[in-house]
Amino acid sequence: MAGEPQADCLFCKIVSGDVPATIVRETETTVAFRDINPQAPCHVLVIPRAHYPDAASLAAGAPEVAADVLREAGEVAAGEQVDGQGYRLVFNTGAGAGQTVFHAHAHVLAGRGLAWPPG
Ligand code: 5GP
Ligand code: ZN
């Protein structure tokens, strides 16, 4: 069923605590934790507790939780004190765009020059 935990999903295991992570913030519906392979001085992932494979399916299936993820991304940026300098939110969607974990997540990236257009 949409939103149910998936046994083979790494981020569901982070939500359940079966896989450890450096948690930055938690809410009833979301978890934010540091990326294990940071691509910038600030690189935090914000995920819904519910399993949806990507951002668009999250928005379609649980729009209020999609909004929670976006709000939390802003709270992470404020907490990391990068909101003033600017930060980037990235939702890689599909293997061709670099998505490797198929549980919706926002990358919060900041702390270095962020090229535009992105690579
Ligand atoms: P994607 O490539 O799907 O957009 O992003 C997945 C992200 O998850 C990558 O940036 C990767 O470094 C991160 N990641 C993969 N495995 C782990 C893990 O076990 N723990 C944490 N904290 N991050 C992970
Ligand atoms: Zn999952």
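A polar contact is taken here as a pair of N or O atoms within 3.5 Å; within protein, one must be able to donate a hydrogen and the other to accept it, and residues adjacent in sequence count only if both atoms are side-chain atoms. The structure is a predicted model, in which local features need pLDDT of at least 70 and side-chain atom pairs count only at pLDDT 80 or more, whereas totals for chains, interfaces and linings use all residues. Residues are numbered from 1 along each chain as its sequence is written, chains are lettered from A and ligands numbered from 1 in the order in which they are written, and side-chain values use heavy atoms, with hydrogens and water left out.

Ligand 1 has an oxygen atom 2.5 Å from an N or O atom in the side chain of Asp35. An oxygen atom of ligand 1 also lies 2.8 Å from an N or O atom in the side chain of His107.

The shell around ligand 1 holds 15 residues, the closest being Arg34, Asp35, Gly98, Thr100 and His107; a residue is counted if one of its heavy atoms lies within 4 Å of the ligand. By class, six of the shell residues are nonpolar, seven polar and two charged, where Ala, Val, Leu, Ile, Met, Phe, Trp, Tyr, Cys and Pro count as nonpolar, Asp, Glu, Lys and Arg as charged, and the others, Gly among them, as polar.

The chain contains three helices and five strands, assigned as DSSP runs (H or I, at least four residues; E, at least two) and numbered from the N terminus. Their order from the N terminus is α-β-β-β-α-α-β-β. The radius of gyration, taken over C-alpha atoms, is 14 Å, close to the 14 Å that the globule rule (2.2 Å times the number of residues to the power 0.38) gives for 119 residues, so the chain is as compact as a globular protein of that length.

Two backbone features were also identified. The peptide bond from Trp116 to Pro117 is cis, with omega near 0 degrees, and Pro117 belongs to the segment after strand E5 (106-110). Gln81, although not a glycine, has a positive phi of about 60 degrees; Gln81 is placed in the loop between helix H3 (63-79) and strand E4 (88-90).
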